[in-house]
Amino acid sequence: MKSREQRDRSRRARNQLRDDQGRFASELRSGPSGAPVVEYPTKAVRYRDRTYHIPVDKKTNRVPQAAIAARFIATEEGTGRNQRRNVIIDASVDADIILPKDISPEELVPWWANPNMLDVEGIDTKDADLFEVYDLRKKGSQDVQRKIAVAGATSEQQQNIRRIIEDSFTVREQKEIAKEGLVITITDEMPAGVLGSTLGKRGGMAYNIRVRPDVIDDGETILHELVHQSRLVDPKRDDVLLKTRSISRDEILVPCDQMALEEAATVAETAARKQNYKPPKTDTYYGFMGRWRKTKNPADMIREDREIMAGSADEGSSGLRGQKAIKSLIKNFDKTNIKGLSGSHFDSTLPDVTAEETLKALRKR
Ligand SMILES: [Zn+2]
């Protein structure tokens with residue numbers, strides 16, 4: 001039973017929108033939500049009658065490498081009308097002028113306006129180290145992942161991340177995830193307790209996912225953020241459970257009372273897709289849920305949901321991809337523990353509505 005106060009709060013919160021503030025480690029979470037996402041400030045630079053807002057590190061007056069990469073792979077930007085740049089061609093031929101990668105917005109602006117006309121060292125030159133796709137097994141994955149940049153990672157971390165993408169998504173699914181460009185940045189600069197977040201795209205740059213370096217190994221956080229991304233951009237997803245309810249295509253911006261559904265569906269699909277299974281390092285949403293519903297401990301709920309979604313929670317067991325993963329979500333979500341996740345479990349400002357309740361209401365509409 002809900003108290004009157006809870007009901008009022010639910011009603012008030014229902015019409016507000018909320019962006020996906022990231023995946024929290026439950027044990028680290030404290031204080032109110034709304035922790036600001038770390039964003040680069042930008043500098044306005046005029047070039048040939050246009051003003052560009054180029055990200056800049058204010059201390060050094062240099063453009064962050066991840067931002068340069070995000071501009072490079074946003075191929076619908078920086079061209080004439082109705083044109084798209086081809087990142088494979090650009091990266092395979094070195095231009096006559098190669099700009100250094102340690103560069104100010106003022107020096108970079110001719111490239112920012114027209115990435116085809118010149119190159120930036122390490123970004124669209126042949127030796128670019130943000131696009132190490134050559135170890136992937138499938139030619140299709142290699143081609144598709146040339147539009148995914150991995151910044152701030154060691155070579156080994158980058159291989160690890162690229163393999164997770166290849167193993168957990170079909171080539172068609174990878175293609176949709178990468179279509180408008182995606183930068184995955186490995187960084188410690190995140191609000192306290194946030195392991196990873198899906199930041200969307202802005203300012204003529206590609207989509208952006210950030211993940212903390214210490215959680216790359218268990219494969220869970222990066223896959224969780226990629227599932228959010230796929231839910232946002234893959235046009236083949238056509239069910240209220242399968243696609244994000246975001247009001248924007250550029251970022252995840254969902255009504256407050258649907259946040260729990262967004263997270264629970266993402267958690268369940270992540271459990272279905274995880275290859276070479278090992279339990280996650282932190283219990284995240286299950287931890288929040290466990291604190292409210294003391295009937296089961298989080299580790300048991302995680303194991304059960306993995307068994308329900310993928311058939312086995314044994315160490316090293318394989319997961320599902322493509323239509324098999326999608327079908328499992330449709331068929332099995334109702335049986336999971338995570339369907340009981342409520343917004344109020346992980347954020348005191350969200351309404352006490354569970355993912356299951358939201359899904360039922362949406363299906364009736
Ligand atoms: Zn999430």
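Axes are lines fitted to C-alpha atoms, for helices over the stretch in contact, and angles run from 0 to 180 degrees between N-to-C directions. Helices (H or I, at least four residues) and strands (E, at least two) are DSSP runs, numbered from the N terminus. The structure is a predicted model, in which local features need pLDDT of at least 70, side-chain atom pairs count only at pLDDT 80 or more, and totals for chains, interfaces and linings use all residues. Residues are numbered from 1 along each chain as its sequence is written.

**Exercise 1.** Determine how helix H7 and helix H8 pack.

*Solution.* Step 1: two packed helices are described by the angle between their axes and the distance between the axes. Step 2: for H7 (residues 171–178) and H8 (residues 220–233) the angle is about 80 degrees and the axes are 9 Å apart. Step 3: H7 is therefore roughly perpendicular to H8, given that angles under 35 degrees count as roughly parallel, over 145 as roughly antiparallel, 65 to 115 as roughly perpendicular and the rest as oblique. Step 4: Glu173, Glu176 and Ile177 of H7 make the contact with Leu226, Gln229, Ser230 and Val233 of H8, a contact requiring C-beta atoms, placed from the backbone, within 7 Å. Step 5: these residues divide into three nonpolar, two polar and two charged. Here Ala, Val, Leu, Ile, Met, Phe, Trp, Tyr, Cys and Pro count as nonpolar, Asp, Glu, Lys and Arg as charged, and the others, Gly among them, as polar.

**Exercise 2.** Characterise the packing of helix H6 and H8.

*Solution.* Step 1: H6 (residues 155–168) packs with H8 at about 55 degrees, their axes being 10 Å apart. Step 2: H6 is therefore oblique to H8. Step 3: on the H6 side Ile161, Ile164, Ile165 and Ser168 take part, meeting Ile222, Leu223 and Leu226 of H8. Step 4: the residues of this contact comprise six nonpolar, one polar and no charged.

**Exercise 3.** Which strands pair with strand S10, and in which sense?

*Solution.* Step 1: two strands pair if DSSP finds at least two bridges between them. Step 2: strand S8 (residues 182–186) runs parallel to S10 and is joined to it by five bridges; Ile184 has Ile209 of S10 as its bridge partner. Step 3: strand S9 (residues 194–200) pairs with S10 in the antiparallel sense over four bridges, and Ile209 is the bridge partner of Thr198. Step 4: in a regular strand the side chains alternate between the two faces of the sheet. Step 5: both faces of S10 are covered, with Tyr207, Ile209 and Val211 buried on one side and Asn208 and Arg210 on the other. A residue is buried if 20 or more other C-beta atoms lie within 10 Å of its own, exposed if 12 or fewer, and partly exposed in between, with C-beta atoms placed from the backbone.

**Exercise 4.** Is Asp49 buried or exposed, and what is its phi?

*Solution.* Step 1: Asp49 lies in the loop between strand S3 (42–47) and strand S4 (50–55). Step 2: Asp49 is exposed because it has 5 other C-beta atoms within 10 Å. Step 3: most residues other than glycine have a negative phi, and most peptide bonds are trans. Step 4: phi of Asp49 is positive, near 70 degrees.

**Exercise 5.** Describe the surroundings of Gly152.

*Solution.* Step 1: Gly152 is located in the loop between strand S7 (148–151) and H6. Step 2: Gly152 is buried because 20 other C-beta atoms lie within 10 Å. Step 3: leaving aside residues up to four places away in sequence, Gly152 touches Ala66, Thr185, Ile186 and Thr187.

Methods:
Contact = placed C-beta atoms within 7 Å.
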